[in-house]
Amino acid sequence: MTAALARPIHLRYAAPSELAAAPLQSSVRLSLDSARGPVGVRGAVRDAALFRDAMVTLATLLESDLRYKGRDRTAYLAYLMKQGKKATAAIWEAQKAYLEGALGGGAAGQGDGSPGARKPAGALDPVLTVHPDEVAIEVFSRDESAYARLAFASDLFEGREAAHGTAFVDLSPRIVEQIDRLRVYTKVELDAGASRAPGGAAPAAPPAAPIERSLEVPATWLRGFLQVQSAATLPAVSCELAPIDLYNALFVLRTRKAKKPPRGLRFELVPGKPPRLILEPWEILLEGHGPPYEGPPRVVRTFGRQRLLALSRLLPHVRGARAELRGPGLPVFWVLDLGRATLTVALTGWTDASWASAASFDALMPRDGERGGGALDALAGRQRALLRERGPLPLAALAAGASAEDARAALQLECLRGRVLYDVARRVYRPRELFAEPVDEREIRYSSPREAAAHRLLAAPGAVRPTKVHEIAGEGTEIHGEVADREAHRGFSPRFTVDLEGRVSDAWCSCPTFRRSGLREGPCEHMIALRVAYARERAARDAQRKTAEGRALIRAETRTYVRREASGAEVVYRVSLDDRVVHLSWGTRGKEDPRHQRIWFDTDGEARDAYFKRLDALTSSGFVDAEASSA
């Protein structure tokens, strides 16, 4: 099934949000969508500085857009036209339509290219939810790469009055600018509600003209918004950081600019020691000052670090930070403890999610056998009813006699439907109805007809298989594959390279689509299918290699191990198995050329035994498996 182009949304606000300022008191009035019923909160803000800085930071994440924006050459094209050069009016109009529609203030690529035919499109307004214990606002950036949830504890508001529920909130640039100039030395009150106050009383001043807005929310944006929340339900490796650790990382990012890849932020997690942060490509080591890490040793590389600069304004309020790492290619969740507030930020690692992230999205979606109907839907219904009755609950309380895997799958499905939210900060599930009607997860299953065709190919056993995986030192991984398209009655040979930052480059395919237009029309279904098949095969291989039976099936593999010396130098040991050959490479990162050794064996079994013995010896010597750091 192909993805819908957009979801029509109609919003109605009784009046625009505004800040009413007086010499001794200021009132922040946030207008909510009146279609969702009596939802709202009112009270005096005990910490106005925290409220102001947190709201401005949230708005910064909402408006962030790091997609590439081409230069506006309309004036130059007009000049060429006057000179009689080769620049037609059609080119000029097409240029303006592209810049205004694709790179303006909404979603890219909506409509048919004609400005008159294009419907208004854009991201959803922020979502405000009033819970018994907190008031939360959720936003998702316009380029689909950053999600944030700001939760204000109930004790932040003195004399709190609330009506529980969920509604969209008007957080326009005008009200954000007013909040940014909020005078925190005077009394500040928050009044968030629809046409009437939470207690039912009419507003003191006559309301302004209502605002009605109809927009088309792109399915790709909604897909990313819900899938990031679905990723929050997955198991994670968690580490605690001190506020000074976050400050040090932001200081390096602000004072340096990376001009070459990789541009990741690596976590070195060694049991019993505070987490270390390494910023690439400079290999700057930041020693942690937080609590010791508890868990298996790991090295994890994350991306999307430039988004962290948006958190700079909150540094005076940060009491502690927690990073939750959910695996290669999946979002990284940062949880900032601000005292009476908590900010949760998810950085997806991709800007304007492209086909390169198809494998990561695939990991967040239920398989065809798990989607809808049957016992999973029944379990999800019981969980949702329990959340409505008892409020926020952990996974163990929602299992309802089912296994933890089934309970998590059912809750992940509810997250994709927009009816349940996983609170990463509190590690509990909360009820949250994004829309009056649940989202059909089949509508957001695929981002394009070609991705749907790719999964059709993947559904046929043995139709998509990687044939060659070649590690290119300093560049990435080159992947070749074969795709048997039974509908086309022929086979195709796609290939591509995944660089050190997880992006796909140097793609090629033997199909007519690629031969006609290359990548100008996007990747073909055979490339997407190979990308997903490679990610699935890699995940299955990592699971198999933990058992003796799975190890016996491995004929080619490369693992990287690292160890941090007392001097701060990092020793890198790379071990490769290729049939009957074991290749060793080791040295100090960035200080010397690595040394190499090749060992040949009579049989592949002897080579495999020697390979795993070498890995076990490295582990016992204090080396940490860094394979999870690759995207």
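A salt bridge here is a side-chain nitrogen of Lys or Arg within 4 Å of a carboxyl oxygen of Asp or Glu. Keep that rule handy, and remember that this is a predicted model.

**Exercise 1. Decide what links Arg 430 and Glu 134, and where each residue sits.**

Solution. 
- Start with the distance: the closest N and O atoms of Arg 430 and Glu 134 are 3.4 Å apart. The cut-off is 4 Å, and the pair forms a salt bridge.
- Now place the two ends. Arg 430 belongs to strand β21 (residues 428-431), while Glu 134 belongs to strand β6 (residues 134-140). They are 296 residues apart, and the pair links distant parts of the chain.
- Last, check burial: Arg 430 and Glu 134 are both buried.

**Exercise 2. Work out which elements the salt bridge between Glu 451 and Arg 223 ties together.**

Solution. 
- The closest N and O atoms of Glu 451 and Arg 223 are 2.9 Å apart, and the two form a salt bridge.
- Glu 451 lies in helix α11 (residues 449-459) and Arg 223 in helix α5 (residues 219-231), so this pair connects parts 228 residues apart in sequence.
- As for burial, Glu 451 is buried, and so is Arg 223.

**Exercise 3. Take Arg 555 and Asp 604: are they buried, partly exposed or exposed?**

Solution. 
- First, the contact: Arg 555 forms a salt bridge with Asp 604, with the closest N and O atoms 2.6 Å apart.
- Next, the location. Arg 555 is in the loop between α14 (548-551) and β27 (556-564), and Asp 604 is in helix α15 (residues 604-620), so the bridge ties together parts 49 residues apart in sequence.
- Then apply the cut-offs: buried is under 20%, exposed is over 50%, and partly exposed is in between. Arg 555 has 46% relative accessibility, so it counts as partly exposed. Asp 604, at 24%, is partly exposed too.

**Exercise 4. Classify the ring pair Tyr 611 and Phe 612.**

Solution. 
- Ring centres must lie within 6.5 Å to pair, and planes over 60 degrees apart count as edge-to-face. The structure holds 14 aromatic pairs.
- The Tyr 611 and Phe 612 rings have centres 5.1 Å apart and planes at 75°, so they are edge-to-face.
- Tyr 611 has a relative accessible area of 0%, so it is buried. Phe 612 is at 5%, so it counts as buried as well.

**Exercise 5. Find the ring that Arg 7 lies over.**

Solution. 
- Arg 7 lies over the face of Phe 435, at 4.4 Å from the ring centre.

Technical notes: Residues are numbered from 1 along each chain as its sequence is written. This is a predicted model: local features need pLDDT of at least 70, side-chain atom pairs count only at pLDDT 80 or more; totals for chains, interfaces and linings use all residues. Side-chain values use heavy atoms; hydrogens and water are left out. Rings of Phe, Tyr and Trp (its six-membered ring) pair if their centres lie within 6.5 Å; planes under 30 degrees apart count as stacked, over 60 as edge-to-face and the rest as tilted. Buried means under 20% relative accessible area, exposed over 50%, partly exposed in between (1.4 Å probe, protein chains only). A charge sits over a ring if NZ of Lys or CZ of Arg is within 6 Å of the ring centre and within 35 degrees of the ring normal. Helices (H or I, at least four residues) and strands (E, at least two) are DSSP runs, numbered from the N terminus.
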